[in-house]
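Let's take a walk through this one together. Keep the sequence and the 3D view open as you read.

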Number of protein chains: 2
Amino acid sequence: MAGEQIDDGARIRLDLAYDGAGFSGWARQPDTRTVQGELEAALATLFRRVPPAPALVVAGRTDAGVHAAGQVAHLDLTSEQWAHLRRLGVSRGGDPEDPASVLARKLNGLAGRARDVRVHRASIAPDGFDARFSAVWRRYEYRIADALATKDPLQRSRTVWTTDPLDVDAMAAAAASLVGLADWAAYCRPRPDATTIRELQSFTWHRDEQGVLVARLQADAFCHSMVRALVGACAAVGSRRLDAGDPLALREAGSRTSAFAVMPADGLVLVEVGYPEDAQLAARAQRTRERRSLDPAS
Amino acid sequence: MAGEQIDDGARIRLDLAYDGAGFSGWARQPDTRTVQGELEAALATLFRRVPPAPALVVAGRTDAGVHAAGQVAHLDLTSEQWAHLRRLGVSRGGDPEDPASVLARKLNGLAGRARDVRVHRASIAPDGFDARFSAVWRRYEYRIADALATKDPLQRSRTVWTTDPLDVDAMAAAAASLVGLADWAAYCRPRPDATTIRELQSFTWHRDEQGVLVARLQADAFCHSMVRALVGACAAVGSRRLDAGDPLALREAGSRTSAFAVMPADGLVLVEVGYPEDAQLAARAQRTRERRSLDPAS
């Protein structure tokens with residue numbers, strides 16, 4: 001498969017996970033530890049004799065402290081880099097190791113020693129795949145242990161603890177009222193000239209077996225701080241500081257408000273990124289790029 | 001209920017959990033952070049005006065780095081200390097708070113700020129209850145993510161990662177062969193004059209939904225390092241360094257061996273401690289004490 005891609009180089013899809021606590025977010029920044037920075041440093045080391053050092057394109061740029069269980073990124077390798085991976089796979093002895101597996105293993109060896117970032121899988125991407133522009137949805141989860149939940153020290157790094165008891169039914173009603181295509185300006189940290197129109201495809205709340213409140217949210221894309229603002233609005237409903245109808249009314253009012261708090265990063269996990277079938281990947285990426293170019297943001 | 005106990009003081013049962021990573025085990029030691037040390041320091045602070053500072057008796061003395069989800073301990077309070085808790089509950093205003101709840105809340109406020117130890121519940125213990133001597137079984141869980149499992153950074157603090165693929169069926173067969181009343185000298189770090197006879201009541205292995213190998217072990221009690229040695233013997237079977245029959249043969253040989261490794265502490269969680277019905281508590285504690293006094297250990 002994908003033989004031509006390899007003669008010309010190959011686009012590689014990475015499926016990865018991280019504990020956000022030790023990172024200043026996904027995006028590379030000087031003098032601070034970020035997920036992209038650690039992985040790109042590992043790529044630069046791995047390919048130092050076969051430049052250029054590959055750069056990563058990611059599906060969901062997570063903020064400082066936000067976790068990921070199902071993040072997706074891509075990188076492009078030259079045919080010389082692919083051949084380098086193939087040689088590394090052969091030099092292990094025994095059956096030759098698939099070059100994409102060599103890449104995942106080397107990245108984990110170089111960037112994963114602290115075990116807080118892990119490449120689950122590297123694979124040759126199908127034609128037209130773009131980790132960012134081909135994605136059709138992103139799914140996040142947020143966890144709150146309130147007064148009624150068991151507060152588990154072993155899960156504290158991904159769970160916010162509160163002392164209030166929260167009304168999960170009221171929170172679920174507020175969440176359901178928000179589903180749809182809308183302008184989320186009231187829930188987004190503003191970025192100059194960027195659209196705040198998004199389709200919130202689902203938003204639910206339930207208690208897990210330990211009583212922890214779990215929010216699940218899916219949208220075509222989320223604007224900056226949107227998930228944590230939506231969770232904050234529902235938490236205000238759960239503690240009766242807002243009525244169940246207020247989060248929708250605040251969205252319709254259209255401007256940012258102090259009626260609820262943006263929740264802390266550590267309760268948030270990027271769970272999964274959705275892509276269309278392979279035949280649709282290129283068309284989807286093209287459509288996304290066109291929409292962004294109509295948008296004064298880009 | 002238990003009115004007489006309170007006039008005379010009360011025995012309190014604590015149900016608690018901790019992440020072992022930040023502790024040098026359960027047992028109090030000078031100049032090092034331990035779970036008992038942190039909780040007893042909190043008790044000393046809480047009762048500084050109504051001495052004596054209570055001491056804790058625990059069901060399972062965990063080693064450095066071992067976690068607990070369902071640890072049980074007890075402490076004895078004088079009637080003055082109980083009255084102190086009652087006053088603290090009233091001074092909050094509104095409905096008076098149950099004194100046992102006040103105790104849990106204060107311990108969490110004083111010892112739980114790092115969120116790595118959490119008192120789930122404090123309650124007046126039934127007559128005859130002794131956290132250590134009334135216990136009829138202890139249950140532990142051990143987690144290994146091998147080459148076939150998803151290695152989740154968010155679960156790394158309670159999961160050991162290995163690069164070998166492990167054969168879970170062979171491990172389950174080895175585990176099942178070990179169930180029963182036996183002398184576990186081959187699996188125990190020796191303590192002078194202590195018996196190594198224990199009843200291993202169940203020992204199973206399965207893969208969870210992420211492919212992580214999970215061992216569940218239950219015994220009347222475990223001797224020192226026994227769980228981690230049993231897990232190590234099964235892991236050696238899983239990676240084909242031992243045959244499935246070897247762990248039993250090694251137990252019957254009766255002496256410690258280098259055929260397997262004692263596994264790291266961080267994969268281990270004390271999950272639950274079992275007690276008999278209330279009417280049996282005192283008799284059980286008496287029997288346990290008698291058995292220990294027949295045993296040259298005590």
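## Two domains in chain A

Chain A splits into domain 1 (3–133) and domain 2 (137–272), with bounds that come from an automatic or database domain assignment. Their C-alpha centres sit 31 Å apart. Where they touch, domain 1 of chain A supplies 15 residues and domain 2 of chain A supplies 10 residues; two residues are in contact if their C-beta atoms, placed from the backbone, lie within 7 Å.

What is the domain 1 side of chain A made of, by class? That side has 6 nonpolar, 7 polar and 2 charged residues. Here Ala, Val, Leu, Ile, Met, Phe, Trp, Tyr, Cys and Pro count as nonpolar, Asp, Glu, Lys and Arg as charged, and the others, Gly among them, as polar.

## Ground rules

This is a predicted model: local features need pLDDT of at least 70, side-chain atom pairs count only at pLDDT 80 or more, and totals for chains, interfaces and linings use all residues. Residues are numbered from 1 along each chain as its sequence is written, while chains are lettered from A and ligands numbered from 1 in the order in which they are written.

## How the chains pair up

Most residues other than glycine have a negative phi, and most peptide bonds are trans. Now look at Pro51(A) and Pro52(A): a cis peptide bond joins them, with omega about 5°. Pro52(A) is in the loop between helix H2 (35–46) and strand S2 (57–58) of chain A; helices (H or I, at least four residues) and strands (E, at least two) are DSSP runs, numbered from the N terminus. In chain B, a cis bond with omega of about 5° links Pro51(B) and Pro52(B).

Asp31(B) has a positive phi, near 60°. Asp31(B) counts as exposed because 6 other C-beta atoms lie within 10 Å (12 or fewer is exposed, 20 or more is buried, in between is partly exposed, with C-beta atoms placed from the backbone).
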